[in-house]
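Subject: Structure for you to look at

Hi,

Here is the structure I promised to pass on.

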Amino acid sequence: MQPVVQNNKGTSQVTTVTGKAEARRRLQPGRSGGLRKIWEHRADYAYVLPAIAVMLIVIAYPIYYTIELSFFKTPPGLQLRDKSFIGFDNYTAILTSEVFWKVTLNTLIWTIASTFFSFVLGFAAALALHREFVGRGVLRAILIIPWVISAVAASYIWKWIYHSDFGIIGAVLVGLGLADRPPNFIDNVSTVLPSLIVVNIWREFPFAMIMMMAGLQTVPDQLLRAAEVDGANAWQRFWHVTFPHLSNVSTVTILLLAVANFNSFIIPWIMTGGGPSNASHIWITHIYELAFGRQRWGVASAYSVLLFLMLMMLGYFYVRALAGNERKEGGA
Amino acid sequence: MTRITLGGAVLRGTVATALMASLMSGSALGAPPVDLSKWSPEYVRSIAGTQDFDTAADCGKVTPLDYKGRLTFWYQGVFEGDPDLLRQYYKDFFETFRKTYPNIQLEDQALTYNDLLDKFRTALLGNAAPMAVRLQILGGTEFASKGYLEPLKPEDVGYSTEDFWPGAMKAVTWDGVTYGIPTNNETMAFIWNADIFKRAGLDPDKAPATWDDVVKYSKQIHDKLGIAGYGLVARKNAGNTPYRFMPQLWAYGGGVFDEATANPTYEQVELNTPQSKAALQASYDMYVRDKSVPVSALTNQQADNQPLFVAGQLGMMISHPSDYNVMLDLQKKATGADKDKAQTVIDNMRYGLIPTGPDGKRAVVFGGSNIHILKPEYVEGGKVDEPAAKAIICMWTSPEWSLKMAYAGSNPGNLNGFKTKWMKERLDNIKFLDVTTSMLPYGIPFPALPQSPEIMNIIVPDMLQNALTGAMTVDQAADDAAKKVKDLMGGL
């Protein structure tokens, strides 16, 4: 780790003698060519080389192969090696199919609703737990449980909670005389997706809570006290002092949640398998069914490429948000 | 008391004869070790325990018992809906194999019915398949037609083709070549709770005679007792769904193709014929119109119906003979008042033949599993230890183990299994076995086509879900499914 902290004005604060020399050299990039820079940093490259090699094997090649496969027809009755080149036909077929738009709408609803509510709930929990009160530690541990337990186990538990004949929720409602028969949560095309989103929010909000709790630690106490002295009420202190300090961590949390939700598989697959009548299929479950259930490897690859592009976009914003954070921290 | 008109039912007219002929119309009709034309519970009892077999000695002739090798093997194993008894037999099998062939290093992996196909297909794409695999009956033709499997016939492991059900041999034959050996074959039966029938005002000892009766009985049970009448199952990607809907479809005279005829050609898609639509309408009537079946049918499978049945919350369902043992297992795990309630259900369990359609046609899926050897180029490491693979296949398909591994839930693939002492013991121990073996002549194999897994695991359940959720009308759902099958057969 270099002992140099670069601020947003391009100058550096240096704490050691060797660090000073390094900082001077860094501030004069025009004096050395690209190859010389690489040579000077050869040790750094050597450190990251194994990781890059592994990534090339396990990430770059599959991405390349998926893109290649997306241009081929892969009839389910033939081996994959018997594929035939069809250009963009798979993409055309996807974009003109009704299922694609239905699944895309489901995916958007799933991602936006899950991300939004997980964040809001997590943020609220973080604010509540940021204050000192008896039992705070225990409560914090309890609230983290949904995030810690296996998604597979959680899916099975919720499947029984929701069970349309013998679910706990249904039994309570019927027992209290609030319903004649148990509500139909996951066997109904209208209610299945919202029901799965609730499970997803339950599982994800602790992540947002942890992130925001960490963010709250960075809000300067003296600023809050100064605002209080100036007569700011609780809402004003939150809105004008706390919230602005959390904007970076909020952005990162929302982007991470969005990426995770776009990539969700376990909860919808285990609880409903995308059903009933495809009402809870989101992109990943649909891709899985196309590839492994129906062996349409070409179409599934084309879907994956489209998903990849969307995730890359989200990734771009994530990196930008991180870079923004670093700049702000550097300038602080 | 169970009242089943077995003799009359078994010999029920030309329909059963045609189906029997279908099962017997294998490529190699020789002299089977049992007389299939005499098949009845009495005949099965008469041959049980009449012959002894020495499995180790027989398999030693195929692969010497001191053979040294290594075998990777995947199989469709026991799952949550199976009784504990079956788990024990699976454990015993692998222990016995390791003792019999101590120098074969066996790396076995059990997968559930619903997971095995996906995992196996993926492994094949990466040339990382096991050397041998035991697949559901649907899988044989799919992988044989794609060229993944080595030719393998019963003679290769010391048996004769005539030792196996001719209908089962069809499921492992592609383009005239045999690519596997059946391990077990089964037909299910109809189970009902006599106590529920009685309380609903139905004859407690009489199963519904037709599928129209099932719809009526289901409604009556639901209306009078407020519980589910019939255990409908319509989950996608679960083998349970076709095993329960296809008997209904065939009974009404429908089908995916003409698979219910004696000599199917699989040329004409029949999912949207009036008969097929009538079968779908019956499910619609129970689920949507009468609300007389579990609401959870769209996301549940048979394993979810079993607890409902033992809790006295479900009147009737299609299932294996093993469900009796499953209920016993569930009863043992129950506590307090639930234990007594479960015992009451068990005491009132009745098994009967699956109902007929409006024209008297009775049908059931001829199910089971097959065992195969992979071609070396698709196997991890590029090598197949054929003698080791044949050793385990010989043992699993032997009269002894094909019977024991199907002890509670199925029937031996090797017909000689019916002659063993274990069959005799099984007839005494497994209640209602008579009924499910009596259904064997009504068994119809799934279409022996590579597209069958997608049709049965995805398209047919999708059709049911589309109709039952109201996403489509019954007509639209049937037409949509027929189109999907046509597209699939057309290579789309």
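A few conventions first. This is a predicted model, in which local features need pLDDT of at least 70 and side-chain atom pairs count only at pLDDT 80 or more, while totals for chains, interfaces and linings use all residues. Residues are numbered from 1 along each chain as its sequence is written, chains are lettered from A and ligands numbered from 1 in the order in which they are written, and side-chain values use heavy atoms, with hydrogens and water left out.

Within chain B

Chain B is assigned domain 1 (6-187 + 366-444) and domain 2 (189-364 + 451-489), with bounds that come from an automatic or database domain assignment. In the contact (heavy atoms within 4.5 Å), domain 1 of chain B takes part with 41 residues and domain 2 of chain B with 36 residues. Their C-alpha centres are 26 Å apart.

Together the two domains of chain B bury about 3200 Å², 64% of it on carbon and sulfur atoms; buried area here is the accessible area (1.4 Å probe) that two parts lose on being put together, summed over both. On the side of domain 1 of chain B that touches domain 2 of chain B, the residues are 20 nonpolar, twelve polar and nine charged. In this grouping Ala, Val, Leu, Ile, Met, Phe, Trp, Tyr, Cys and Pro are nonpolar, Asp, Glu, Lys and Arg are charged, and the others, Gly among them, are polar.

Between chains A and B

The contact between the chains takes in 37 residues of chain A and 36 residues of chain B. Chain A and chain B bury about 3000 Å² between them, with 48% of it on carbon and sulfur atoms. Of the area that chain A buries against chain B, 18% comes from Q79(A), D187(A) and S277(A), more than from any other three residues.

Three salt bridges cross the interface of chain A and chain B. The side chains of R296(A) and E454(B) meet in a salt bridge at 2.7 Å, N to O.

Best wishes

Technical notes:
A salt bridge is a side-chain nitrogen of Lys or Arg within 4 Å of a carboxyl oxygen of Asp or Glu.
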